[in-house]
Each structure stands twice: as C-alpha cells, then as structure tokens.
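I set out to record what can be looked up in this structure, entry by entry. The notes begin with the overall layout and end with charged pairs.

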Amino acid sequence: MRKLFLLVTCTISLNASAQTFNSIAITAGVTAANQKFIFKNPDAISEKHYVFGYNASVFGEFFTRDYVRWVTEIQYNQKGSVDKEPEANYGNKLQYLSWNNYIKIRYEMYSIIPYVLVGPRLEYNLIQSTESPVIVKHFLPFYVNPAVGAGLEFVNYYNIKFFVEAFYNPDIKQMPAYISPELNVLNKDFELRVGLKYEFAKRKESCNTPTYVE
C-alpha cells in the first residue's frame with residue numbers, strides 16, 4: 001500500500017506541475033503605430049500618420065485545458081507617429097517595455113490551432129524621442145491599455161511549435177499615454193509577429209516508483 005500511495009502522490013504532483021506551466025515562447029515582429037492628439041482648448045482631435053517599428057517578447061503559457069489558457073508576457077515594442085504639419089513633418093518615437101496578460105481561447109484542429117487572445121497590458125515608457133512642438137513634457141512612465149489578438153499554431157509531433165499572431169493595441173480615452181492641461185495623446189498600434197514555442201513534455205520518467213503493488 002505504501003508503494004501505491006507513493007505512486008499516486010507522484011502522479012498527482014507531476015500532473016499538477018504540467019497543467020500549471022506548460023510552455024515558454026519567444027516572438028519577433030513589426031509594429032505599425034500612430035497617435036491621436038486630443039486638444040482641450042479649443043477642443044479638437046488630430047489623427048497622426050503611421051510609423052513602423054519592431055517588437056519582441058518572451059511569454060509563458062499556463063494550464064492545459066483544451067479551450068482556455070492563460071498567457072503572461074514581457075514585451076518590447078516601438079510606438080509613435082509622424083505629425084505632418086504645413087511647416088514640417090515631426091517624428092515621434094517611443095519605446096515601451098510591457099507586462100501583458102491574456103486569456104487565450106483556442107480550438108484544436110487536425111493541422112492548426114486557431115486562437116484569440118484578450119487582456120490588459122501594463123506599459124513602461126523606456127525611451128521618448130518626440131519632435132512635435134505641442135508635446136512639451138514626458139509621456140506617462142506607467143499606464144494600462146487593452147489588447148486583442150488572433151493567432152495560428154501549427155501542429156506537429158515535436159516539442160517546438162511555430163505560430164503567427166496579429167494584435168490590435170489601442171489606448172482608451174480614459175487612460176491616455178500623455179496628459180497635459182492642453183493636450184492628451186493616445187497611442188494605437190497593429191502588431192504582426194512570428195514565434196517559436198517550446199512545449200514541456202510530461203516527465204513521467206522522473207518518478208521511479210514501480211507501477212505495480214505487491
């Protein structure tokens with residue numbers, strides 16, 4: 001009975017570990033970003049032009065449920081815009097490090113796994129290089145915005161999986177990236193990225209307890 005108890009305990013422990021943290025991944029891609037300037041006196045809104053940058057991330061995927069999982073991610077992303085005015089074109093460039101958390105809803109098919117992701121991002125402003133004369137102070141060091149994405153994971157029989165994803169990441173009016181008495185600025189971007197995910201195998205061999213009971 002003691003051997004049976006050890007076997008059951010080991011099996012439950014391994015299964016719980018595998019179901020909690022099941023994979024780790026890296027991504028890289030391109031970002032198309034622009035900004036919306038919301039003036040306060042007088043009230044006016046100006047949509048700026050797109051600028052292109054890069055993004056990269058590392059994330060962990062948790063739980064092994066068929067349809068719903070949780071993804072937590074650290075991401076580097078380049079945002080900003082081109083402010084085209086009659087006198088000149090002004091470049092606004094921002095670099096962010098963010099902590100992203102998503103609910104992942106997935107559906108397994110024969111050769112692909114389509115999925116959607118939705119959740120908040122906590123953004124930290126790493127570097128600011130802005131030329132627009134109406135921007136007279138720093139963007140907020142920390143703020144929160146939403147993101148929604150969709151992806152495809154390609155099925156194979158190996159631990160390493162290939163996937164592609166696209167994200168839409170807009171600031172909301174109630175939580176702008178830049179706040180001043182005369183002007184608020186909202187960031188918005190579209191991200192396309194590819195990635196490799198390493199899916200952990202169930203390490204059943206680490207439990208050396210015999211599978212029989214005497």
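The entries below follow the order in which I consulted the structure.

**Entry 1. Overall layout**

I note at the outset that this is a predicted model. I counted the secondary structure and found one helix and ten strands. Read from the N terminus, the order of elements is α-β-β-β-β-β-β-β-β-β-β. I then looked up burial: of the 214 residues, 38% count as buried. The exposed surface comes to about 12500 Å², and carbon and sulfur atoms supply 66% of it. I also looked up the range of the contacts. Among contacts with a separation of 6 or more, 67% are between residues 24 or more positions apart.

**Entry 2**

I followed the pairing of strands along the chain. Strand S1 (residues 21-40) is antiparallel to strand S3 (residues 51-62), and twelve bridges join them. Within this pair, Phe-21 faces Phe-62 of S3. S3 in turn runs antiparallel to strand S4 (residues 68-84), with eight bridges between them. Here I found Glu-61 bridged to Val-71 in S4, and Phe-59 opposite Glu-73 in S4. S4 and S5 are likewise paired in the antiparallel sense, over 17 bridges. One of the positions I checked in that pair is Gln-75, whose bridge partner in S5 is Ser-98.

**Entry 3. Backbone details in two loops**

Which peptide bond did I record as cis? The bond from Asn-41 to Pro-42 is cis, and its omega is near 0 degrees. Pro-42 sits in the loop between S1 and strand S2 (43-47).

I next examined the hairpin of S3 and S4, which has five residues between its strands. Phe-63 lies in this loop. Its phi is near 75 degrees, a positive value in a residue other than glycine. I also looked up the exposure of Phe-63: at a relative accessible area of 38%, the residue is partly exposed.

**Entry 4. Nonpolar cores**

Which residues make up the largest nonpolar core? I listed ten: Phe-37, Leu-94, Tyr-96, Ile-135, Phe-139, Tyr-143, Ala-177, Tyr-178, Leu-183 and Val-185. Strand S5 (89-106) and strand S10 (183-199) are the elements that give two or more residues to this core. Apart from this core lies another, of nine residues, including Tyr-102, Tyr-115, Leu-117 and Phe-163. As general background, nonpolar side chains tend to be buried together in soluble globular proteins.

I then took Ala-177 on its own. Setting aside residues up to four places away in sequence, Ala-177 touches Tyr-96, Phe-139, Leu-140, Tyr-143, Asp-171, Val-185 and Asn-187.

**Entry 5. Tyr-107**

I located Tyr-107 in the loop between S5 and strand S6 (112-130). Is this residue buried or partly exposed? Its relative accessible area is 49%, so Tyr-107 is partly exposed. Leaving aside neighbours within four places in sequence, I found Tyr-107 in contact with Tyr-67, Ile-112, Ile-113 and Pro-114.

**Entry 6. Salt bridges**

How many salt bridges does a search of the whole structure find? The search returned 13.

Lys-48 pairs with Asp-83, with the closest N and O atoms 2.8 Å apart. Lys-48 is in the loop between S2 and S3 and Asp-83 is in strand S4, so the pair links distant parts of the chain, 35 residues apart. Lys-48 counts as buried because its relative accessibility is 7%, under the 20% cut-off. Asp-83 also counts as buried, at 2% relative accessibility.

Lys-79 and Glu-123 form a salt bridge whose closest N and O atoms are 2.8 Å apart. Lys-79 belongs to strand S4 and Glu-123 to strand S6, so this pair ties together parts 44 residues apart in sequence. Both residues are buried.

Glu-191 meets Arg-121 in a salt bridge of 2.7 Å, N to O. Glu-191 is in strand S10 and Arg-121 in strand S6, so parts 70 residues apart in sequence are tied together. I found Glu-191 and Arg-121 buried.

Finally, I recorded one network of salt bridges with shared partners, which joins Glu-61, Arg-69, Lys-104, Glu-153 and Lys-197.

Key: Residues are numbered from 1 along each chain as its sequence is written. This is a predicted model: local features need pLDDT of at least 70, side-chain atom pairs count only at pLDDT 80 or more; totals for chains, interfaces and linings use all residues. Side-chain values use heavy atoms; hydrogens and water are left out. Helices (H or I, at least four residues) and strands (E, at least two) are DSSP runs, numbered from the N terminus. Buried means under 20% relative accessible area, exposed over 50%, partly exposed in between (1.4 Å probe, protein chains only). Contact means heavy atoms within 4.5 Å. Accessible areas come from the Shrake-Rupley method with a 1.4 Å probe; for residues, only the protein chains shown count as cover. Two strands pair if DSSP finds at least two bridges between them. A nonpolar core is a set of buried Ala, Val, Leu, Ile, Met, Phe, Trp, Tyr and Cys residues joined through side-chain atoms within 4.5 Å. A salt bridge is a side-chain nitrogen of Lys or Arg within 4 Å of a carboxyl oxygen of Asp or Glu.
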